[in-house]
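Here is a friendly briefing on a few local features of this protein chain. Have the structure open as you read.

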Amino acid sequence: MLRPSSTSSSPSLPPVHSEFDTAKREKRAKAYLTVSRCVVWREKKSRKRQLDIRSRPRPQSRVPLLTSTSTSTSTSILPPPLYTMASQFQQQEAALKEQAAHPNGVAAPADKISAVFPFGVPSTVASINGSSYTTAQTLVEQVAYTLSDRLFTYSPETFDLDNAVRYWASKSQQNGRGIATSVEPMETRLGAANVLLGYIFGEKAAQSKVAQSIIASSATLTSMRSAIDQLALLYSMSSPFVAHIAAADYEVSSGKLVTDYVSALNVAQETGAGLISSFSSHEAQHMALFATLAATVLPTVHIYDGVRVARESVKVIDILDQSGLQGVFSSVSSEQDGKVDQVTKVNRVLRSLNAELGTAYSFFEYEGHEDAESVLVVFGSVESSLASQIAASLAKGGEKVGVIAVRVYRPFAEAAFLQALPKTVKRIAVLGQVQNELAVNDATIQSALFTDVVAAVTMSDVYSLPPPIVDVKYARAHTWSPKEFAWIFDQIARKSSVSVAIPADALTTDALALDSFVSLADDASAKQYSFWNIDDANSAPAAAAVAKVLSGLDNTVSYSAVYDNVAVAGAIHSEIRTSRKSVDAPFHIEGADVSFVGDLQLLKEYAVTATTKVGGAIVLKATIKAEDFEKKLPAAFRKELAAKNISLTLLEVAEDASAAVENVLVQLAFFKTVGIAPAPFKLSTINQDTEAVKKASELIDAALTQVTVAKEWASEAVEGSLPAAPQANAFTVNAEKHESEPSAILRSSQSAAQALCFKEAFSVESALRPDLPVKNFVVKVKANKRLTPTSYDRNIFHIEFDLTGTGLTYEIGEALGIHAHNDTEDVNRFIATYGLNASDLVQVPSKDNAEILEVRTVFQALQQNIDIFGKPPKKFYESLAEFATDLDEKKALLAIAANAVEFKRRSEVDFVTFADLLLEFKSAHPAFPDLAKIVSPMKRREYSIASSQKVSPNEVHLLIVVVNWTDPQGRDRFGQATRYLSTLSVGSELVVSVKPSVMKLPTESTAPLIMAGLGTGLAPFRAFVQYRAWQKEQGLEIGPVLLYMGSRHKSQEYLYGEEWEAYVDAGIVTLLGCAFSRDQKEKIYIQDKMRGDLEEIRQAYLEQKGSFYLCGPTWPVPDVAAVLEEAIKKNADLENKKVDVTRELEELKEAGRYVLEVY
């Protein structure tokens, strides 16, 4: 494979004198000249050079492949199992057994082709050569195995980074030096790679030029840091070390797999190790070879995208075989000599490698306009590939933009970087990855790449006035699209700051309609196909089978699949692209010609139509009667079908159809939709089941139904939106969904008596609410006093709890979690109506340990644990329908779940509860253990604490309003927790817990406080003022306290009024602003009172650097914020400054000086 030069030739390092003989220098000069002048060199010239490289002897005998690596019609003897987590050599053993069990080659589809890797992994390392469909990971493993005598692998179980090398080693297959490479699987932990140090610094190893290699994910690098640091310091005494790192990690905060370059960049910066990047699958083998060669100079890390690029199956041409790799390695490494710096040494290696391969790789590769004024600097596989392609496209249209893709980050060759930078550049943007969105928004954090670029530009003698450089940060979790790069280039020249996210109004209609892949391919025949399926469905491998069929046609094919273990408990999304020439397209499909959907549930999770092109087609595997289309097809899906003129075909698969037949039916449905008729023998060969192909071929015509898309669907009312792409959060199927859940058991009270009498025999322990994951306390009611008149329609009350002996502590601003009970009368009424025995025991598996059973009575469970009088979600309607014995009731429940309008009416107008539904649909009568599973558990309710423990050490106070209303049926309804608390008498016990809050006091007692509380939102401010009063008593100086309160009437809702006035008299509260909205003709709200005190707020908030707090309902937030913005504007005018008031307020929020706790 040859890498064509850019539209503007890539600057290389300055020439370095060496001991190369004249013939070799002439040879390399010709190679450089040829590559620099010829852009389309790959197909015509490469084969002869490849034959030259492979002129050395090659092994003749080969073990049959697990799957074919070539583009010919040859197929696998038995591919690896689809859904196993075992290593490749274990799969091979299983394959041999399966072969014996199925002498005719007939097996279940799941055992024949991987849903993720349709072209499989070669069973012999020696068979990898020429042009074939493969993955970057396979090529990296081939290089590591061929050029190492010992290989350490740190692969998380489901990442599959070492499947191939472990299998090859298990069969003692030879490496490039004719011996079997030793492969050592290791565990990632602190100090990872320390075992490698002992081997690398061994006497024999230190004298060897053979590389000691690691294959790992980027998550391992941080643990390896200390070992790499030691290695870098004593590298002259060690054997070469290279780490091939798949940039992949699981990020808990985002819940997805992320491409992690941050770890590698930081390790390279801190240790001085080399860092080399692959831009695509097409050069992965070359870069793995280059990194291994560079390891003769310094410890080297080779990094590549491990989430998408490493796992994508593409056609790579001119792959070096083992003898070719070993030959190039020996030739280049033997020529390196001389005592020069690391940059020069690595440059010599790269120049020698270019001469051997006929390529033009360089430290920094430029693409774009020859006289570019705006330049983007990037690092990473997807980033380099997409940015380069977009820059070339824009430059072709006359845009003066360019991109520098960093191939060698360490050693950072500043002279080479400056040489790559166009002399005409006026502005530089650096696309730098940082840890997460918090780091993106933190102005104090700079990306690693940005610091190197700034140093190179500002410290050079090239510029008398260096061009401005902007740091364009993005998080590891970011997923790139070509349109984002076009947006970034557009901003570099026009704006002082550059953002990654595209605003909704930034793209024109034409830009939205433009398909990135079709544009990059520059090929009208280019096609894209998308497959959505349940991860372990019988038809999950169908997309991979389709890709194999398409690979045998004229166009090249790329295939990528990702797993989403969250949606529908496990989904797989596969993408196929075809075009005349190979195109690097490491991004999600924007407009599929055909989308296949394997289950109706998926339409509720993903916006499939959003990634289907206008005029495209969707094939949906489902059985739906014509009269039920509007009931079963989601409204948003129907709307887009009509709006985008997408055709819909239903594929009906009989329930008794075998897994193999179902799989082939999906393939045939796809081929009929796209108008391709694959030969039956081709399908039989790929599926390894002639009978299934024959049966499916007989059924396919009757199984397809064309749906008439009604024009009226385009005007459907739709609420909310669904994701257009899956969230890749796993590399395998969700195995947990098949784990059986221990069942709850209903027993009589006699069994409880036995257990309590013989606690040791039954391993009985008493626990306070073991079902709750927080630390709980039992407290007693000390006081419960209504603050509003009994004649007033709002019951606002003050309640105090005694903490004596509990050990409960709390901080200012925290909240108290109340674990309320359902009303006793309501519970007894439901027990009688539903036909339960209140004293029966229910055993429920603990959430922490399923082997431990938690025992409760039915009454206790309904009163304290099960939210039987809460609002049921849609899922409950669906779950309850499974228990309905009456067909009409079953249909009615499912219809409600599918009808958003009817569900909303029941939920938000009629306030239907779980209990209401169970009594309404009498045939749906789950047994109590089942009921405990499908009804939501009761949640704790949090209330802001209205006291300071400094003032009341053994008390905690709350301020609460009872939530009550009347539903359309005239029934009185209550908020469960507020009703429960309002009825508690003095001495009553209840379970509580403490929850942290964003309401934090400033650390300095002199910092002013501006507080605005509406109704019961005054609670935390009572605690604030109590604490300030305590501070003053301790002799501390306190700052100004401005308190604003809002309610309806002073005579009825002047909450804690006497206390506030006493604090004013004592000089604690310096300003009290009371807004009683209904005590006068014109309503006065809290923001009006604040606006009247604008100067006082400006001084306390801005001059004296105070903090502002708002607690209460959300509705006044915009008006209150407007007042604060007026204060900011007034302050700026006084200081003769221009400010963006919205941005200033946002910065105050980030600094913790603008705090909202609203609900």
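UniProt, in an unreviewed entry, places the feature "coiled-coil region" at residues 1124-1151; UniProt positions follow the numbering used here, feature names are shortened, and annotations may be inferred rather than shown by experiment. This is a predicted model, in which local features need pLDDT of at least 70, side-chain atom pairs count only at pLDDT 80 or more, and totals for chains, interfaces and linings use all residues. Residues are numbered from 1 along each chain as its sequence is written, and side-chain values use heavy atoms, with hydrogens and water left out.

**The annotated region**
- Residues 1124-1151 are 75% helix and 0% strand, with the end C-alpha atoms 15 Å apart.

**H4 against H5**
- Helix H4 (residues 136-146) packs on helix H5 (residues 163-170) at an angle of about 40°, and their axes are 8 Å apart.
- The crossing of H4 past H5 is right-handed.
- From H4, Glu141, Gln142 and Tyr145 meet Asn163, Ala164, Val165, Trp168 and Ala169 of H5 (heavy atoms within 4.5 Å).

- Helix H9 (residues 262-271) is largely enclosed by the rest of the structure, because seven of its ten residues are buried (under 20% relative accessible area, 1.4 Å probe, protein chains only).
- Those buried residues are Val262, Ser263, Ala264, Leu265, Val267, Ala268 and Thr271.
- Their cover includes helix H8 (218-233), strand E9 (300-305) and helix H16 (448-458).
- Glycine 272 follows H9, with a positive phi near 85°.

Conventions
Axes are lines fitted to C-alpha atoms, for helices over the stretch in contact, and angles run from 0 to 180 degrees between N-to-C directions. Helices (H or I, at least four residues) and strands (E, at least two) are DSSP runs, numbered from the N terminus. A crossing is left-handed if the near helix is turned anticlockwise from the far one by less than a right angle, and right-handed if clockwise. Buried means under 20% relative accessible area, exposed over 50%, partly exposed in between (1.4 Å probe, protein chains only).
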